[in-house]
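Here is a short tour for someone meeting this structure for the first time. Please keep the 3D view open while you read.

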Amino acid sequence: MESDMMTEADMQRLISSLVIHGGIDGDERTGAVSVPIYQTSTYRQKELGINSGYEYSRTGNPTREALELLINELEGGITGLAFASGMAAITAVLMLLKSGDKVIISSNVYGGTFRVLDKIFKNYNIEYEIVDTSNLAEFEKQINPKIKAVLIESPANPLLTITDIKGVSEIAHKHGALVIVDNTFMTPYLQRPLNLGADIVLHSATKYLGGHSDVIAGLVVVKDEGIGERLKFIQNATGGVLSPFDSWLLIRGIKTLTVRMDRHIENARHLVEFLKNHEGVTKIYYPGLPENEGYSVHKQQAFGPGAMISFVLSDEYDIKEFFRSIKVITLGESLGGVESLVSHPASMTHASIPYEVRQKVGIVDNLIRLSVGIEAKETLINDLENAFKKARK
Ligand SMILES: *Cc1c(COP(=O)(O)O)cnc(C)c1O
């Protein structure tokens with residue numbers, strides 16, 4: 001069924017069962033309900049030329065395969081692949097490009113994505129162009145015959161900028177470019193880019209899919225068999241595979257994705273309500289707010305607003321004191337874990353962007369980013385309230 005024809009409730013039912021029973025559900029041989037961790041590098045061959053389907057764990061491992069089948073079902077693709085990190089996944093996907101090709105990236109892509117293109121792929125004559133993909137007309141103007149791929153995030157960090165995935169896909173495909181969506185902020189529970197026209201969806205599974213801030217992992221799903229084969233070849237040839245134990249941790253994390261995400265969103269909605277009415281906040285960015293730019297596009301393509309919030313602290317408040325006073329919500333990079341995290345994009349995730357550029361795009365020095373966890377919402381609101389009180393100049 002196409003995702004546009006599915007209601008939010010249909011989607012929730014489908015994914016809520018798939019996260020638990022998708023892929024390989026337990027162990028055929030023993031009946032164990034949890035997939036075994038096949039901690040092995042190699043496999044005994046019966047005789048010359050006859051093996052069990054596994055030869056060497058870089059090429060294939062049953063625990064990793066269970067995860068790869070699971071994410072493939074969740075994203076509605078044809079091939080799923082697991083990598084040692086989100087960056088290993090992104091790097092493998094970019095290796096589909098050849099010298100002389102060019103890729104368009106959205107203006108707010110993850111810093112590591114920008115860095116690998118700017119500092120590594122450029123050396124191999126694969127260039128990039130930064131485009132505001134939330135503006136389809138602007139995006140179409142930037143397409144030329146050298147553009148072979150478009151890599152977007154929606155919502156993008158840290159201003160939760162929305163890009164119309166279907167719109168970008170239609171334009172890109174008219175010009176023969178592949179569409180790659182980094183779906184880390186949404187997960188397949190909230191957004192399924194392949195159904196919206198994208199060719200490749202990828203994740204830093206380190207975030208919501210893992211969900212417990214205890215594993216670094218990356219996942220890729222494609223819907224074309226040929227591209228799947230090429231990526232499998234790249235995965236085996238370059239070797240950035242996810243270990244059996246980390247694959248198992250991820251399978252375990254994904255089982256509770258939907259209950260965690262429901263709670264993340266419920267908490268985020270309460271925090272947004274609190275922040276919206278607070279005199280210490282001058283601007284708030286959240287895809288679930290009707291006044292947010294891109295609200296209607298997001299509502300059309302996603303099944304929920306997610307739990308990332310950014311807001312601007314008023315000049316009447318001392319930002320250092322605000323961060324110092326926050327106690328339950330942890331100051332740190334990353335996102336998507338059960339614990340709430342707060343960060344300061346201007347000095348942390350986006351520090352490498354020049355000051356003037358940051359001002360221009362809205363990453364001001366008073367911008368605060370929250371990854372809302374699953375603690376009691378009252379605890380989180382008390383924590384923020386206390387920090388506001390202490391930080392008032
Ligand atoms: C964290 C992140 C990445 C990088 O993933 P790692 O697992 O840290 O390598 C890529 N994209 C987005 C959107 C991220 O948040």
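T79 touches N72, V220, V221, V222, G228 and K232, leaving aside residues up to four places away in sequence; a contact here means heavy atoms within 4.5 Å. T79 sits in strand β1 and is buried, with a relative accessible area of 9%. Buried means under 20% relative accessible area, exposed over 50%, and partly exposed in between (1.4 Å probe, protein chains only). Helices (H or I, at least four residues) and strands (E, at least two) are DSSP runs, numbered from the N terminus.

This is a predicted model, in which local features need pLDDT of at least 70 and side-chain atom pairs count only at pLDDT 80 or more, while totals for chains, interfaces and linings use all residues. Residues are numbered from 1 along each chain as its sequence is written, and side-chain values use heavy atoms, with hydrogens and water left out.

Helix α2 gives the largest share of the lining, five residues, and α2 (62-75), β1 (79-83) and α8 (225-238) each supply at least two. By type, the lining divides into three nonpolar, nine polar and five charged residues.

**A helix with a buried side**

How far apart are the end C-alpha atoms of helix α14 (residues 377-391)? They are 21 Å apart, which agrees with the 21 Å that its 15 residues should span at 1.5 Å a residue. The buried residues of α14 are K377, L380, I381, D383, L384, A387, F388 and A391. They cover an arc of only 155° around the axis, so they lie on the same side of α14. These buried residues pack against α10 (257-276), β8 (281-285), β9 (308-313), α12 (319-325) and β12 (367-371).

**Backbone details**

S213 lies in the loop between β6 (200-204) and β7 (218-222), and S334 in the loop between β10 (330-331) and β11 (341-343).

Cis peptide bonds run from S154 to P155, with omega near -5°, and from N157 to P158, with omega near -5°. P155 is in the loop between β4 (147-153) and α6 (165-174), and P158 lies in the loop between β4 and α6.

Conventions. Expected span 1.5 Å × (residues − 1). Arc of directions from axis to C-beta. Nonpolar A, V, L, I, M, F, W, Y, C, P; charged D, E, K, R; others polar.
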